[in-house]
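Reader: I'd like to learn how to read a model like this one. Could you walk me through it, feature by feature?

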Amino acid sequence: MEREFFLLLSGVATISALLVVLARNPVHSALALVACLVQIAALYVLLGAPFLAVIQIFVYVGAVMVLFLFVIMMLDVRKEAQARYLRNAAFPGLIVLALLAAELFTLLMQSTRLHAALGAGQPITEQPSVEALSLLLFQDFLLPFEVASVILLVALIGAVVLARPDEATAAGKTGKPHSGGRR
Amino acid sequence: MIPTFWYLILAATLFVIGAAGVLLRRNVLIVLMSLELMLNSVTINLLAFGHVLQDLRGQIIAIFVIAITAAEVAVALGILVALLRNKHTLEVDELTILKG
């Protein structure tokens, strides 16, 4: 039963991931990515990590993708957003991709020996609880946790500073028309 | 019990699809979304190994990956808004300011 669930979820995730890359309209891409992220969250539940599934839905679907959609709709992307593929790099890019994919899958196919050396996975007797996870996070990984919070604060300030309207450009607009868009 | 190998195959497939988006698409927004896809495939790998080895550290690292991704998206979209304000294009092969 678990395998059927896995096959269903991974199939839908792969199809929607393909849609992300192939869709013409960026809004369609973003919606396909939302679908893909929800499938991945369901896969996290299958992997015995329900807390991560909740975080995935909160952070990715709730915040990151809403931010993406907001930016797509805020920026006036009429013509340039419809551009499909790189003009000159499509063929070399495809060759690089095929090589990378072949290498990745060959390594995975050969990894059964490594897996045998590591020992087969023992069946889960009890689900690791959120309690154990939080104890580990706030005891052993307290310093990385604090560093991550500082990084989030810096990113917040950086995003505000970057997206703020430029003072020189604004002054140029009210005074004389500024030349070009370059600084 | 699902074999771990299946999870690795799924993650590799998603990673390759994301790499295809980064390498082939011209739109900056879709390149960023493909990056999200690649990061998610890495998180699937972390959770699969944590599940097999009965180790919670995989989940801890996955939490950090998600937090850093949120920061990255905020900064990247801020850069994108500033970029569009100065150069009215979204195509990656026209954004050549850093070339000098």
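This is a predicted model: local features need pLDDT of at least 70, side-chain atom pairs count only at pLDDT 80 or more; totals for chains, interfaces and linings use all residues.

Reader: How are helices assigned, and how many does chain A have?

Author: Helices (H or I, at least four residues) and strands (E, at least two) are DSSP runs, numbered from the N terminus. Chain A has seven helices and zero strands, giving the order α-α-α-α-α-α-α from the N terminus on. Of the 183 residues of chain A, 32% count as buried.

Reader: How do I read helix packing, and at what angle do H2 and H3 of chain B pack?

Author: Two packed helices are described by the angle between their axes and the distance between the axes. The axes are lines fitted to C-alpha atoms, for helices over the stretch in contact, and the angles run from 0 to 180 degrees between N-to-C directions. Angles under 35 degrees count as roughly parallel, over 145 as roughly antiparallel, 65 to 115 as roughly perpendicular and the rest as oblique. Helix H2 (residues 28-52) and helix H3 (residues 57-86) of chain B pack at about 175°, their axes 9 Å apart. H2(B) and H3(B) are therefore roughly antiparallel. Their contact (heavy atoms within 4.5 Å) includes Leu39(B), Thr43(B) and Leu46(B) of H2(B) and Gln59(B), Val65(B) and Leu77(B) of H3(B).

Reader: What classes of residue make up that contact between H2(B) and H3(B)?

Author: Ala, Val, Leu, Ile, Met, Phe, Trp, Tyr, Cys and Pro count as nonpolar, Asp, Glu, Lys and Arg as charged, and the others, Gly among them, as polar. The contact of H2(B) with H3(B) has 14 nonpolar, four polar and two charged residues.

Reader: Which residues does Val65(B) touch?

Author: Leaving aside neighbours within four places in sequence, Val65(B) is in contact with Leu39(B), Thr43(B) and Leu46(B). Val65(B) lies in helix H3 of chain B and, at 19% relative accessibility, counts as buried. Gln59(B), also placed in helix H3 of chain B, is buried at 9% relative accessibility. With residues up to four places away not counted, Gln59(B) touches Gly48(A), Ala49(A), Leu52(A), Leu133(A) and Leu47(B).

Reader: What about packing between the chains: how far apart are the axes of H3(A) and H2(B)?

Author: They are 12 Å apart, at an angle of about 175°. H3(A) and H2(B) are therefore roughly antiparallel. Among the contact residues are Leu52(A), Tyr60(A) and Phe68(A) of H3(A), and Leu29(B), Glu36(B) and Asn40(B) of H2(B). By class, this contact of H3(A) with H2(B) has 11 nonpolar, two polar and one charged.

Reader: How many residues does the largest nonpolar core have?

Author: A nonpolar core is a set of buried Ala, Val, Leu, Ile, Met, Phe, Trp, Tyr and Cys residues joined through side-chain atoms within 4.5 Å. The largest one has 62 residues, and those with the most contacts inside it are Leu52(A), Phe68(A), Tyr7(B), Leu29(B), Ile44(B) and Leu77(B). Elements giving two or more residues to this core include helix H5 (130-139) of chain A and helix H1 (4-24) of chain B. Leu77(B) touches Leu67(A), Phe68(A), Val71(A), Leu29(B) and Leu32(B), not counting residues up to four places away in sequence. Another core, of seven residues, lies apart from the largest one, with Leu97(A) and Met38(B) among its members.

Reader: Which residues of chain B does UniProt list as "transmembrane region"?

Author: UniProt positions are given in the numbering used here, feature names are shortened, and annotations may be inferred rather than shown by experiment. The unreviewed UniProt entry lists residues 6-24, 31-53 and 59-84 of chain B. In the model, residues 59-84 of chain B are 100% helix and 0% strand, with end C-alpha atoms 37 Å apart.

Methods:
Residues are numbered from 1 along each chain as its sequence is written. Chains are lettered from A and ligands numbered from 1 in the order in which they are written. Side-chain values use heavy atoms; hydrogens and water are left out. Buried means under 20% relative accessible area, exposed over 50%, partly exposed in between (1.4 Å probe, protein chains only).
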